[in-house]
Amino acid sequence: MADIVLRDVTMGIGNPNHVHFHRHNQLNLADQNVDLMIQEVNRGGLVESMINDIAGQSGGLSVQPRGAVEIEDTFNMRRGLCRLRFSVMVNALKEVELIVLGYLAGGEAREDGIDPATRFVPVRTWSIDITSVNDMTGMPDVRQTVNNSAQFLLGDPNTGKKLRSMRPIDIGNEVLGYISTEQEGRQAGYVGNATADLSNSLLISKTQNMDSTHYAKQLLKIAGNVMHDDVTGGMGIEDSISGSIYANSMAEQLVSDNEFFRAMAVATGTWHYKGFEGFSLGEIASVFENFTDVLDDRMLDANLFDEVDNVAMSSAYGATTIIESTAKEIAFLCADLAIRAGLTHVVFAATNDVAEFGGFMEEEGVKLVSGEFMSISDQDPYAINRLERFKQLFKDKFYTKFNSGYEHQRTIVNIAVTCSLFGETSVELFFNGDIQTKQNYTNATYYICRTSPNIAGTETGVSDAVNFLNNLREYIN
Amino acid sequence: MNDLNKLYKAILMAIGGIVKPNSQVVLSVGNKEIDIRVDGMYLYLPVTEVLESTETSDKVFFHPGCEHITSKETEIFKIIRRMVGIRLLELFKKYPVVLASIAAGKEKRNWNQNILNILEPLKEAKKKTVDELEGIMARFTVEIDDNGVDTRFIHLKVSKGAGRSQTSGGGKVYHKTKPVFPMYSEIIKRLSQSEGQADNQTVELNGVSVSRGALKLLAHLFQVIIPAVTDPESASYESTNSAASRMISYFGCFEQIAEQMNRIQNMFRGDFDKLGIYPIDLSWTEQMEELPTLYRQVPSLEYNTHNTQDEAAENTNAMNGMANMFSVTSNNQQPAVQQHHQLQQQQVANGQQLGMPVTGVIDGFVVTPPPMITGDRYIRYEIDHYANQVRHYALNTLTNSQVVYVCTRAGTMLQRNDSVPNNQTSGIPGLTMPGIGMNPMMAMMGMGGGLTPQQLMMMQLTGGMMQPQATPASSGGSVITGNQFDNPVY
């Protein structure tokens with residue numbers, strides 16, 4: 001095991017928010033795309049470009065919210081935030097910086113510092129490879145790349161509502177389990193894949209899964225394999241599904257793969273996360289003894305920062321409207337793309353309304369203007385490169401769905417986003433160029449472990465997806 | 001209200017629904033309003049005002065138009081099917097009496113031969129026979145009954161289309177709906193079997209004796225009110241557009257049946273009006289062809305796009321009364337729960353014979369025994385004031401060992417310990433501490449399986465039905481409860 005050293009602990013504070021609602025990733029496959037897929041499958045298999053094309057059009061969040069998200073205390077409070085930064089030594093040339101972000105819960109107010117009973121609830125984690133390289137002139141240089149980023153998925157802390165994780169791999173597992181019980185004629189009693197039950201465990205989900213296009217793509221991949229094997233009569237459906245879900249692109253990490261969790265588990269002897277409510281700060285301090293030396297809690301002072309009352313300044317969640325689900329989708333997408341590009345903070349505005357940018361069009365038919373931004377690493381001379389990467393990713397991932405080669409066929413969306421990787425992401429948007437209908441939604445990214453689109457608020461979210469795959473298989477026959 | 005909702009509202013009204021001012025959809029039967037629920041959530045019309053309110057999370061919307069082409073019957077469609085069944089059956093039931101009174105009355109000059117033919121058998125029929133019809137029709141249902149006997153009056157059968165349409169321009173058929181009349185077929189079968197017998201002879205119809213004359217009259221009524229009974233294919237409807245295809249084909253078929261039933265009313269408009277029986281409003285049907293474009297006015301919504309339940313499990317939903325029928329569940333846990341209650345009652349009954357459990361509250365402790373597992377015989381209870389718990393002792397008749405049900409002060413069951421052999425501790429029950437009697441296997445289950453007590457209970461009741469959980473279902477035989485989660489197991 002690699003050596004892990006706690007570098008710094010930084011605390012901060014959030015703002016009051018509206019109650020968030022569960023919305024999960026969904027695949028809304030248009031009828032003509034079903035026909036297209038069948039056609040392609042009959043020709044020998046789905047090609048990647050076709051999958052991307054269809055996924056770009058059909059991924060989205062469920063429009064109807066499914067239950068309010070349960071959280072410790074309430075959403076309407078200033079929440080303590082905490083960032084743990086570790087160094088993991090790999091070898092002389094390579095070092096990994098591991099970040100674990102979480103929010104604080106419990107504990108009592110004390111004058112002499114932070115109560116050790118305060119719990120650190122993990123939300124996100126990522127690691128940055130810091131490698132010494134030589135540039136083409138032979139001069140030493142340092143390359144910093146985000147090599148891994150994930151969010152944690154947690155169950156309901158209060159009432160024990162039965163939440164299920166629906167990462168692509170969970171859906172695959174679910175279908176696989178369903179089919180095997182079906183073959184025994186016992187599918188009526190199939191209650192689902194136990195590993196996806198969040199009341200049981202802490203799960204890790206790749207940050208990419210927050211991108212509903214990515215989710216759609218993974219599901220389509222499974223569907224494509226199943227359809228293909230069905231048509232060619234090659235492998236059985238169990239083989240094709242298990243083959244697809246254990247492929248690298250869909251695999252997920254284990255919690256114990258994370259160096260921080262591994263260190264905690266080794267020290268405390270607890271390897272399971274049943275009913276996990278976070279680690280207490282005292283517990284962390286007992287494992288990483290320099291905790292108090294590197295702790296910086298100055299920013300945990302509510303008087304230091306003015307409160308931004310998001311409850312007063314943004315719309316409440318809970319409606320079944322496209323504008324709300326799109327705002328939520330943008331917030332999740334930005335949280336994914338920012339880390340993928342290597343930014344912690346980015347402000348931008350974008351539109352695909354040609355009238356807005358004076359008649360000339362970029363290739364994608366999208367204009368994106370960026371404001372301030374911040375790189376993920378401390379001293380980064382190449383932050384601007386990361387920003388450009390982000391801009392490109394956002395145009396590709398988000399606007400594909402609304403754009404068409406023909407201007408009259410597109411849905412015009414104007415957005416203005418302030419995204420913080422660990423803070424609040426506020427999204428202002430309106431459709432069809434009608435600024436009168438502008439809405440402003442704020443999504444607290446530090447609750448993503450509870451609000452993630454990979455969590456299904458009700459069982460129907462999962463069964464919807466499972467039945468989709470199952471029905472598709474039957475439909476082509 | 002947008003065009004789509006106007007259409008939905010018209011359809012709902014036509015099939016016996018009411019849209020309340022707050023847009024909630026309820027069913028009206030007789031003078032009663034029955035709530036429609038899916039997984040416990042009330043049904044609403046997806047009007048903008050409701051969609052934009054911030055309280056949509058616990059509502060289900062009526063949006064069958066967004067059903068995906070690959071989907072099987074959705075939960076919303078199940079409701080539609082039942083509403084249509086009830087609407088047509090209730091209307092049909094009213095006809096015989098009206099027609100009989102018309103036939104008994106004075107013949108009108110403008111009646112043509114067709115009308116005379118319709119009324120002829122009714123005129124001849126005795127009052128007793130007409131009365132008997134009511135009894136027969138009362139046993140018509142809208143669902144296959146619990147014993148699997150098909151007593152349905154009508155069923156509009158939707159099947160996945162194949163090939164090209166013969167009727168509408170040769171497009172690809174996505175869904176086809178054809179009416180079937182299970183009771184009519186049964187009546188015809190009985191009549192032909194008893195061919196040549198006198199009208200006052202009795203014939204058995206689904207286990208009930210009825211006179212042959214009444215059956216003959218009923219068959220006649222079927223034929224004149226819904227001529228499609230003799231040629232169901234003529235009333236079938238094919239949809240050739242992949243969008244909303246099930247709905248279009250279903251209501252296409254419904255329209256033709258409803259039209260036939262309206263036709264006979266309109267022959268005797270005045271008489272039906274007097275009794276307040278009005279035709280089914282079908283003015284919305286011409287808008288159905290716009291549905292493939294209209295349905296986009298509301299985004300795709302859960303319970304409408306994809307079925308959330310498998311068809312195989314569908315029939316296990318036992319239909320006990322009207323309210324139950326309109327409370328659709330997407331997963332099939334409900335029957336299991338009902339079974340659980342039945343067992344509970346049975347157990348209480350057993351206990352009264354053997355150990356006489358006390359029910360009620362003593363010293364502020366609820367001493368009513370908890371639901372027990374089959375095979376446990378109740379012995380007695382003991383109040384533990386220190387732990388604030390009530391312990392119920394019972395004998396596991398299978399292993400002949402003592403089991404303890406630990407309950408809270410309020411009577412909620414916490415756990416069942418059965419690892420205490422009878423010969424060891426029967427004298428000192430107070431020593432059985434909650435949690436100590438838990439064997440390691442149970443602890444494992446608590447860790448990995450994560451089942452709620454109820455689920456575990458069901459697992460035992462149904463003989464390991466839920467095995468795909470990959471937990472050792474057959475082990476222990478004890479109920480693990482939430483309070484053990486607090487004791488981490490290393």
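**Rings, charges and cysteines in a predicted model**

Modeller: Over all chains of this predicted model, a search of the whole structure gives 39 aromatic pairs.

Colleague: Let's take Phe86(A) and Phe288(A). Why is this pair called tilted?

Modeller: The ring centres are 5.1 Å apart, and a pair needs centres within 6.5 Å. The planes of Phe86(A) and Phe288(A) meet at 50°. Stacked would need under 30 degrees and edge-to-face over 60, so the pair of Phe86(A) and Phe288(A) is tilted.

Colleague: What makes you say that this pair ties together parts that are apart in sequence?

Modeller: Phe86(A) belongs to strand S4 (residues 80-89) of chain A, while Phe288(A) is in the loop between helix H7 (281-287) and helix H8 (291-294) of that chain, so the parts they tie together are 202 residues apart in sequence. Both Phe86(A) and Phe288(A) are buried. They also belong to one aromatic cluster, whose members include Phe120(A), Phe152(A) and Tyr273(A).

Colleague: Over in chain B, why do Tyr250(B) and Phe251(B) count as edge-to-face?

Modeller: Their ring centres are 5.6 Å apart and their planes stand at 80°. Edge-to-face asks for over 60 degrees, so the pair of Tyr250(B) and Phe251(B) qualifies.

Colleague: How do you know whether Tyr250(B) is buried or exposed?

Modeller: Buried means under 20% relative accessible area. Tyr250(B) has 1%, so it counts as buried. Phe251(B), with a relative accessible area of 1%, is therefore buried too.

Colleague: What makes Lys328(A) a charge over the ring of Tyr317(A)?

Modeller: The distance part of the rule asks for NZ of Lys within 6 Å of the ring centre. The charged end of Lys328(A) is 4.2 Å from the centre of the Tyr317(A) ring and sits over it. In chain B, Lys172(B) lies over the face of Tyr174(B), 4.5 Å from the ring centre.

Colleague: Which contact joins the side chains of Arg82(B) and Glu143(B)?

Modeller: A polar contact of 2.8 Å, where the cut-off is within 3.5 Å. Arg82(B) is part of helix H3 (residues 75-104) of chain B. Its relative accessible area is 3%, so Arg82(B) is buried.

Colleague: And the cysteines: how many disulfides are there over all chains?

Modeller: The count is zero. A disulfide calls for a pair of cysteine sulfur atoms within 2.5 Å.

Colleague: Why is Cys66(B) called buried?

Modeller: Cys66(B) has a relative accessible area of 5%, against a limit of under 20%, so Cys66(B) is buried. Cys253(B), at 0% relative accessibility, therefore counts as buried as well.

Key:
Residues numbered from 1 in each chain as written. Chains lettered and ligands numbered in written order. Predicted model: local features only at pLDDT ≥ 70, side-chain atom pairs only at ≥ 80, totals over all residues. Heavy atoms only, no water. Phe/Tyr/Trp six-rings, centres within 6.5 Å; stacked < 30°, edge-to-face > 60°. Helix = DSSP H or I, 4+ residues; strand = E, 2+ residues; numbered from the N terminus. Buried < 20%, exposed > 50% of the residue type's maximum accessible area, 1.4 Å probe, protein only. Lys NZ or Arg CZ within 6 Å of the ring centre and 35° of its normal. Polar contact = N/O pair within 3.5 Å; in protein donor to acceptor, adjacent residues only side chain to side chain.
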